[in-house]
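Reader: Hi! I'd like to go through this model with you, a bit at a time. Could you take my questions as they come?

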Amino acid sequence: PLKPLTAIAEILRGRTGLDVYVDTKCALLRNVYTWPLETTYPNRIPAAINDSHIGTWGCDWEVELSQIAYHRLGDLRSLTRMREQFGAVLAKGNRFSLFHRPPDGLRAHEGQPYAETSSLLEGLRFGALRHGPSKADHTMAFLDYGRPLGHHHADFLNFGLWSKGMLMVTEMGYKYRPDWIRLWARSPLAHNLVLELGDHKAARATPTVWFTGPSLHAIEAGLPGVEGRRLLALVPIDERECYLVDLFWASAGQGVHTWALHAAGDRVDSEGLGSLEPWPDPLEPLRRARRTAVSQPFSVSWRFEQERVLRTNILDAAPSHVTLAECPSEEDFAARAFTTSGTRIENVPFPYRAKILIERAEDVSRFTAVHEPYRSVRLLDSARCVPLESGNGVAVEATFARDGSQYTDLFVQTMPGSTRKAVVGGL
């Protein structure tokens, strides 16, 4: 729909004299042309949300969006984007360069940075939490809480994470062939969420918390009460390092809730799970599934190249069935391993990712996780749930050392919809 929209705006401007770019009634047009800037990872590739494919920046319509945003709206972030990504296209000029200017004409103007600070895009139902002074040290976590219009996707309250120079918690994108890949990528199981809520149309989803400051970046969104609600809090430890608190409440469904998470690697180890037994009947297309029952906190760590690690600490002691399995990898790997008709290409690797499923039989489930992205050495000394003195909710305590001193963070959340506030340590 973006192609016709850009043409309509130009037709109105040229034939009616109405400059829709500056008319206050058309103020949302700026968001249309600039939203991709705030969804990008530090490598300047956007999160594959809604109908985006993985790695689609640099395509024709995005060149056009950046040019319109700069030349019609004066958006200097888009000028930076054009210089970084589209220089070769703009220098040559092509049929999509509607407002082409030679490079010499752009040198007199300084651009502005983009995708550096946390941002809430309410029209897109997308929030990005960011920390770190440079691309190499940057962490970005996002929460996708649905679509207000059009067809919905089975990714309600999906979570993604970039840290330590790589995409750790991934979005699968989508590929049309073979059919089983297409059906997999469109399913809740291919995302990082509670499976029973993934296919929710989310017409009522709203952000209930949005905060950004030097010591905390947080977003909470979802459905009323505990029907389905997720809070992500990015907590800086120092200028470069941070961890995430992830609280997911769920009551929708038939009294069973399954929290799912995968990361961009197949090397995974665990602590506190005990013996995992082969599970012969995993959810398709998962493979090599192992399963166990657990009623205590535990952790799972994905290990990547260059000593990079994502450790996910599950802090609840609720009775659960935990499954570790392998799932298909992202769209860009599938595009290399299969032809456009869906035929498997010989001698081209198609890796699988390690995925965890936590299943609980409860009317109301709360999944409490702390994610630590790090290199070589853990960020936290400990992460645990602290018992409440009164009220309904959850309290998360994280401890760490920095510069010879010990620090303790305490994160308290009252149960959504509850009139009894959670109290711990007098707070």
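Reader: Thanks! To start, at what angle do the axes of helix H2 and helix H4 cross?

Author: They cross at roughly 60°, and the axes of H2 (residues 29–38) and H4 (residues 76–85) come within 10 Å. That makes H2 oblique to H4, since angles under 35 degrees count as roughly parallel, over 145 as roughly antiparallel, 65 to 115 as roughly perpendicular and the rest as oblique. Axes here are lines fitted to C-alpha atoms, for helices over the stretch in contact, with angles from 0 to 180 degrees between N-to-C directions. Helices (H or I, at least four residues) and strands (E, at least two) are DSSP runs numbered from the N terminus.

Reader: Before we go on, what kind of model is this?

Author: This is a predicted model, where local features need pLDDT of at least 70, side-chain atom pairs count only at pLDDT 80 or more, and totals for chains, interfaces and linings use all residues. Residues are numbered from 1 along each chain as its sequence is written, and side-chain values use heavy atoms, with hydrogens and water left out.

Reader: Good to know. What is the strand order in the open sheet of eight strands?

Author: The order is S6-S7-S8-S9-S18-S15-S14-S11, with antiparallel pairing; two strands pair if DSSP finds at least two bridges between them. S6 (206–212) and S11 (268–271) stand at the edges with a single partner strand each, so one side of each has no neighbour in the sheet. From one strand to the next, the twist averages 15°.

Reader: And how many bridges join S7 and S8?

Author: Six, between S7 (residues 217–222) and S8 (residues 228–236). His 217 has Leu 234 in S8 as its bridge partner.

Reader: Switching topic: where is the cis peptide bond?

Author: It runs from Glu 284 to Pro 285, with omega near 5°. Pro 285 lies in the loop between strand S12 (277–278) and strand S13 (287–294).

Reader: What about Arg 288, is its phi positive or negative?

Author: Positive: phi of Arg 288 is near 50°, and this residue is found in strand S13. Most residues other than glycine have a negative phi, and most peptide bonds are trans.
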